[in-house]
Amino acid sequence: MEFNNKIVIVTGGAQGIGKDHCRGIAFMKKSINIMTTPKRKEEVIMYKKLMTCLESVRKKIDFKPEVALILGSGLGDFADGIQIEQTIDYTDIEGFPVSTVKGHKGRFVFGYVEKTPVVIMQGRVHYYEGYAMSDVVLPTRLMGMLGAKKILLTNAAGGANPSYKPGDFMMITDHITTGVPSPLIGPNMDELGTRFPDMSEVYSRRLQDVIRKCAKECDIKLQEGVYVQFTGPNYETPAEVRLAQRWGGDAVGMSTACEAMAARHMGMEICGISCITNMAAGISQKELNHKEVQETADRVAKSFKELVTKVVVNM
């Protein structure tokens, strides 16, 4: 017979079960183990790594957050202005991936935004840095396991919608991750969520209403649109931007959507805001560079911080 791409020959006649038949059954069982064990082993390794990070943090941190934040370009020092209770550097967490991007600090900050207990990821990990996607979303999963039930994702993004301009804020209403591997590929970690999670409402409608209300109270113009994640680190080509537009995308970037998928998988309530730091290739006729991204992010940082503060308090 054929089993999992292996040919298993079972011998023995119809008269009872002989030694050869037993050997055939034993070989079939061995074949089953050979084919299934590696998948289970991979799952165990992934979950063990996550638990190692969790235990490492809990040895040093006794704070329980309600809200998690991942800070993108221009928001890195947002955490410095909150009521800080505890911090831990990524390098002090056993097995934790470390961001290599300039301008991204590498630590978790635990504290309060007004009265809301939060954990802030001050510097994210990107797929283009060479990490496996499971490592890219490990921090998101870790914050959820530390107690956060809601998460606000922020980023710097390129505007693919011609009506946008640099400095705009776009509330993420949905995303497209066709250009990157799903963080859920591979053995499912049943401890975190179901094998086939629903993605019909990744970004909470309730939290979208909160963001709209907060933007209005802050007198901040708010765009709304679909975020498309590509791998990076190169900026997208004009053809890729046209593809994103035809897919229905309004902004393009190199993060966020994979984190949202992992958070959704484990049942967190999610919202996201992009800072449009430049117009994407083909819309802008200028060459793109990280300096422009950082300059725009810095220019609107005050308004971004005001909006994020308001949103966190009302989540």
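Arg 141 is found in helix H3, which spans residues 138-145. Helices (H or I, at least four residues) and strands (E, at least two) are DSSP runs, numbered from the N terminus. The model is predicted, so local features need pLDDT of at least 70 and side-chain atom pairs count only at pLDDT 80 or more, whereas totals for chains, interfaces and linings use all residues. Residues are numbered from 1 along each chain as its sequence is written, and side-chain values use heavy atoms, with hydrogens and water left out.

Arg 141 is buried yet has no salt bridge. Buried denotes under 20% relative accessible area, exposed over 50%, and partly exposed in between (1.4 Å probe, protein chains only). A salt bridge is a side-chain nitrogen of Lys or Arg within 4 Å of a carboxyl oxygen of Asp or Glu. The nearest side chain of opposite charge to Arg 141 is that of Asp 135, 8.2 Å away; Lys and Arg count as positive and Asp and Glu as negative, with His and the chain ends not counted. With neighbours within four places in sequence left aside, Arg 141 is in contact (heavy atoms within 4.5 Å) with Leu 50, Ser 134, Pro 183, Leu 184, Met 189, Leu 192, Ala 262, His 265 and Met 266.

The protein has 8 helices and 11 strands. Of its 315 residues, 52% are buried. Among contacts with a separation of 6 or more, 81% are between residues 24 or more positions apart.

A search of the whole structure finds 12 salt bridges. Side chains of opposite charge can pair when their charged atoms come close. Arg 124 forms a salt bridge with Glu 259, in which the closest N and O atoms are 2.9 Å apart. Arg 124 lies in the loop between strand E6 (116-122) and helix H2 (133-136) and Glu 259 in helix H6 (residues 257-265), so this pair ties together parts that are 135 residues apart in sequence. Arg 124 is buried, with a relative accessible area of 2%, and Glu 259 is also buried, at 2% relative accessibility.

Helix H6 also carries Arg 264, whose side chain meets that of Asp 198 in a salt bridge (3.3 Å, N to O). Asp 198 lies in the loop between strand E8 (169-176) and H4, so the pair ties together parts that are 66 residues apart in sequence. Arg 264 is partly exposed, with a relative accessible area of 26%, and Asp 198 is partly exposed at 44%.

Helices H4 (residues 205-217) and H8 (residues 301-314) have axes that come within 9 Å and cross at roughly 135°. Axes are lines fitted to C-alpha atoms, for helices over the stretch in contact, and angles run from 0 to 180 degrees between N-to-C directions. H4 and H8 are therefore oblique to each other; angles under 35 degrees count as roughly parallel, over 145 as roughly antiparallel, 65 to 115 as roughly perpendicular and the rest as oblique. The crossing of H4 and H8 is right-handed, a crossing being left-handed if the near helix is turned anticlockwise from the far one by less than a right angle, and right-handed if clockwise.

On the H4 side, Val 210, Ile 211, Cys 214, Ala 215 and Glu 217 meet Leu 307, Lys 310, Val 311 and Asn 314 of H8. Lys 310 forms a salt bridge with Glu 217, with 3.3 Å between the closest N and O atoms. Lys 310 lies in helix H8 and Glu 217 in helix H4, so the pair ties together parts that are 93 residues apart in sequence. Lys 310 is partly exposed at 31% relative accessibility, as is Glu 217 at 47%. A network of salt bridges links Asp 209, Arg 212 and Glu 224.

Backbone geometry was also examined. Most residues other than glycine have a negative phi, and most peptide bonds are trans. The peptide bond from Gly 232 to Pro 233 is cis, with omega near 0°, and Pro 233 lies in the loop between strand E9 (222-229) and helix H5 (238-247). Glu 114, although not a glycine, has a positive phi of about 55°. Glu 114 is found in the loop between strand E5 (107-113) and E6 and is exposed at 57% relative accessibility. Asp 219 likewise has a positive phi, near 55°. Asp 219 is placed in the loop between H4 and E9 and is exposed, with a relative accessible area of 73%.
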